[in-house]
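Subject: Structure handover and notes

Dear colleague,

Please find the structure below. My notes on it follow, and they can be read with the model open.

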Amino acid sequence: MNLGRLELFCEVVERAGFTAAAQHLYLTQSAVSQYVKALEEQVGSELLVREGRRIYPTEAGEIVYQAAREIARVWDEAQVTVRELKGAEAGTVRLACSTPGDYFLPPLISRFAAAHPKAHVIFSVDRPEEVVDHVRRGEFDFAFVTLTDSPAELQCEPIRQEELVLVAASGHPFAKRLSVDREELLSQPFVCAPAESQMRQIIDAQLRVLHLGPRRVTLEFDNAEAAKLAVQSGAGLAILFRASVEQELASGTLKQVHAGGLSMAHDVLIISRPKRRFSPIMRQLLEFLRGEVG
């Protein structure tokens, strides 16, 4: 089996064309075509089909593509093990997070990178469910997420509790009061995450435990930055992780609203594949973040 052919085939599938794959790999288009043709001859089936200007895998092609991705993952882990035996300090670490990790992790990762100049850290931010899928498929080494339920097939480690705070624009009537009654909140418009999102489900579950009735949701945004801007413009109240509004609370553009003992927090988890082999640099970054985040 030629690993190079499989990697090239994956590039063609992921970039939906021979030209884009050739440009990325610094090869000629004819060379890419010849490699794919050789792979098709090896497996005895057509693997790609053209529709308009785009290339798509056939049913057989999709099977080969998924197998190639798994082979590449296993090969990467084998190389990690070899580097570990050599005591390597350099290497690549791929990690991801969902909110609120996108607020507290970047400064920490930057500090680690400055102290480990040979390390290559790839950091991605996505919705919790997408992050879980990426970790499950081995595309990230580990991740920091907030979830309603821990995925049973992954190793999950609570690392910290992140406070959820009720915020309003500085000009909102509630912003000038020391406290408001919980019932008063129900008459106010709320800016929320989409109903199907993990963030919305986490907050709704917290409010049910606190026996607070349904909110009047008037706007839904799928990221904290958009929600903050909407609240600052007077669109309503919002419940957000404190880490995501620290700067606005400090500058006074947002105000925390205290409502009848309303107190909420949720676990931030570190997730990883149970049998994932970590190189020394992966372990160093993970231990560094454990110590700083926890």
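Two strands are taken as paired if DSSP finds at least two bridges between them. Helices (H or I, at least four residues) and strands (E, at least two) are DSSP runs, numbered from the N terminus. This is a predicted model, in which local features need pLDDT of at least 70 and side-chain atom pairs count only at pLDDT 80 or more, while totals for chains, interfaces and linings use all residues. Residues are numbered from 1 along each chain as its sequence is written, and side-chain values use heavy atoms, with hydrogens and water left out.

Strand β1 (residues 48-51) runs antiparallel to β2, and four bridges join the two. Across the pair, Val 49 stands opposite Tyr 56 in β2. The strands form a hairpin with two residues between them. In the turn, Gly 52 has a positive phi of about 70°.

Thr 58 sits in the loop between β2 (54-57) and α4 (59-86). Thr 58 counts as buried because its relative accessibility is 19%; buried means under 20% relative accessible area, exposed over 50%, and partly exposed in between (1.4 Å probe, protein chains only). Contact here means heavy atoms within 4.5 Å. Apart from neighbours within four places in sequence, Thr 58 is in contact with Glu 46, Leu 47, Leu 48 and Val 49. A polar atom of the Thr 58 side chain lies 2.8 Å from the backbone oxygen of Glu 46.

Asp 102

Asp 102 belongs to helix α5 (residues 101-115). With a relative accessibility of 22%, Asp 102 counts as partly exposed. Not counting residues up to four places away in sequence, Asp 102 touches Cys 97 and Val 125. The side chains of Asp 102 and Thr 99 are joined by a polar contact of 3.3 Å. A polar contact is a pair of N or O atoms within 3.5 Å; within protein, one must be able to donate a hydrogen and the other to accept it, and residues adjacent in sequence count only if both atoms are side-chain atoms. From Asp 102 to Met 282 the separation is 180 residues in sequence and 19 Å in space, C-alpha to C-alpha.

Salt bridges

A salt bridge is a side-chain nitrogen of Lys or Arg within 4 Å of a carboxyl oxygen of Asp or Glu. The whole structure has 23 of these salt bridges.

One of them joins the side chains of Arg 136 and Glu 153 (2.4 Å, N to O). This pair links distant parts of the chain, 17 residues apart: Arg 136 is in helix α6 (residues 128-136), and Glu 153 is in the loop between β5 (142-145) and β6 (155-169). Arg 136 is partly exposed, at 33% relative accessible area, and Glu 153 is also partly exposed, at 39%.

Arg 137 and Glu 139 form a salt bridge through their side chains (3.0 Å, N to O). Arg 137 is partly exposed at 43% relative accessibility, and Glu 139 is partly exposed at 24%.

The side chains of Glu 225 and Lys 228 also meet in a salt bridge (2.9 Å, N to O). Glu 225 and Lys 228 are separated by about one helical turn because they are three residues apart in helix α9 (residues 224-232). Glu 225 is partly exposed, with a relative accessible area of 38%, whereas Lys 228 is buried at 4%.

Finally, a network of salt bridges links Glu 70, Arg 73, Glu 77, Asp 141 and Arg 276.

Regards
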